[in-house]
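Open the model in your viewer and follow along. We will select one element at a time and look at what surrounds it.

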Amino acid sequence: MMEMLSSPIELFSSRNKRDDYRADDMFCGDLTTEDCIKKYNLRDISVHLNPYTRQRISALANTPLPKDEVNRILFNEFRELSKLYAFYGPYKEIIIRLIDHMQENSGRPYESSLLNSAFRELILDEQGEKSMYQAIKKELVDNFRDLNRQRINSLKGEIMDRRMPMFARKIDAFNGMGISIHQIHSVNITLESVKISAQRFNAILKFRAQDHFGLDERDIIHPFYKQFRIFRIWFILQRHRDYAFKPFLTNMDATIHVNEQ
């Protein structure tokens with residue numbers, strides 16, 4: 001087979017860039033109790049305890065619990081609530097692993113083969129005129145013998161009008177991916193190689209994506225998300241200065257072969 005590209009070609013790079021630690025959802029430990037109550041009206045947080053006073057809800061004694069015990073109770077409740085959004089399929093454990101990683105509080109990026117598999121499946125599953133992958137695939141299949149600079153530039157423009165991959169399918173509401181990732185912050189797509197012969201061709205696409213496991217102000221003031229206890233607990237653990245558990249980057253990669261005989 002003959003190699004058509006002298007080097008990889010970047011087809012798409014999102015406006016949001018990788019390693020964006022200045023994003024609002026990467027803030028940590030920046031709020032006081034007064035901020036949480038007066039600005040965001042966060043009062044009913046946990047069914048077990050008051051995170052502001054560290055006192056149990058049902059206890060007769062008013063002695064505050066040790067900080068480590070409060071952390072353990074809140075994270076266990078966080079994990080238990082997450083199961084409402086992750087009870088089906090091979091990716092339901094991802095959210096538990098992400099919560100565990102947050103509790104470790106290293107702030108290091110998270111990546112796993114399971115997360116990569118979910119991302120690759122999402123790309124291949126997206127159909128229709130909004131899919132970036134389908135636009136690229138159609139251009140490669142239709143014009144693989146004539147991939148000149150003009151066609152590549154035209155393809156780049158067409159991709160810009162498509163929607164970035166998003167875990168917003170119906171299945172993502174209960175397979176764990178909607179709560180784990182949902183919208184993806186940054187995406188980069190590269191055409192790694194194109195090889196052709198008389199009868200067939202093979203192209204390799206590289207998708208690199210990154211999201212943030214963290215909540216920003218828009219998340220917690222949104223009426224839909226705020227009504228669910230899991231997001232109130234998550235926000236307090238991340239943003240309240242007494243807890244300040246670090247949000248982190250989630251990295252996803254997918255290599256996809258496009259071929260036609």
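On this tour, contact means heavy atoms within 4.5 Å. Keep in mind that the model is predicted.

**Stop 1: H2 against H3.** Select helix H2 (67–82) and helix H3 (residues 94–104). Their axes lie 10 Å apart and pack at an angle of about 165 degrees. Angles over 145 count as roughly antiparallel, so H2 is roughly antiparallel to H3. The crossing is right-handed.

Now show side chains. From H2, pick Asn 71, Arg 72, Phe 75, Phe 78, Arg 79 and Ser 82. They meet Ile 95, Ile 96, Ile 99, Asp 100, Met 102 and Gln 103 in H3. By class, this contact has 6 nonpolar, 3 polar and 3 charged residues.

**Stop 2: the rest of H3.** Stay on H3 and color its buried residues: Ile 94, Ile 95, Ile 96, Leu 98, Ile 99, His 101 and Met 102. Which elements do the buried residues of H3 pack against? Besides H2, select helices H4 (113–125), H7 (177–180) and H10 (229–239), then strands E6 (201–213) and E7 (248–260). Just after H3, click Asn 105, where phi is positive, about 65 degrees.

**Stop 3: strand E6.** Move to E6. Here 10 of 13 residues are buried, so the strand is mostly covered.

Look for Ile 196, whose bridge partner in E6 is Phe 201.

Finish with E7. It also runs antiparallel to E6, with 13 bridges joining the two. Select Lys 206 and find Thr 255 of E7 opposite.

Key. Residues numbered from 1 in each chain as written. Predicted model: local features only at pLDDT ≥ 70, side-chain atom pairs only at ≥ 80, totals over all residues. Heavy atoms only, no water. Buried < 20%, exposed > 50% of the residue type's maximum accessible area, 1.4 Å probe, protein only. Helix = DSSP H or I, 4+ residues; strand = E, 2+ residues; numbered from the N terminus. Axes fitted to C-alpha atoms, helices over the stretch in contact; angles between N-to-C directions. Parallel < 35°, antiparallel > 145°, perpendicular 65-115°, else oblique. Left-handed = near helix turned anticlockwise from the far one by under 90°. Nonpolar A, V, L, I, M, F, W, Y, C, P; charged D, E, K, R; others polar. Pairing = 2+ DSSP bridges.
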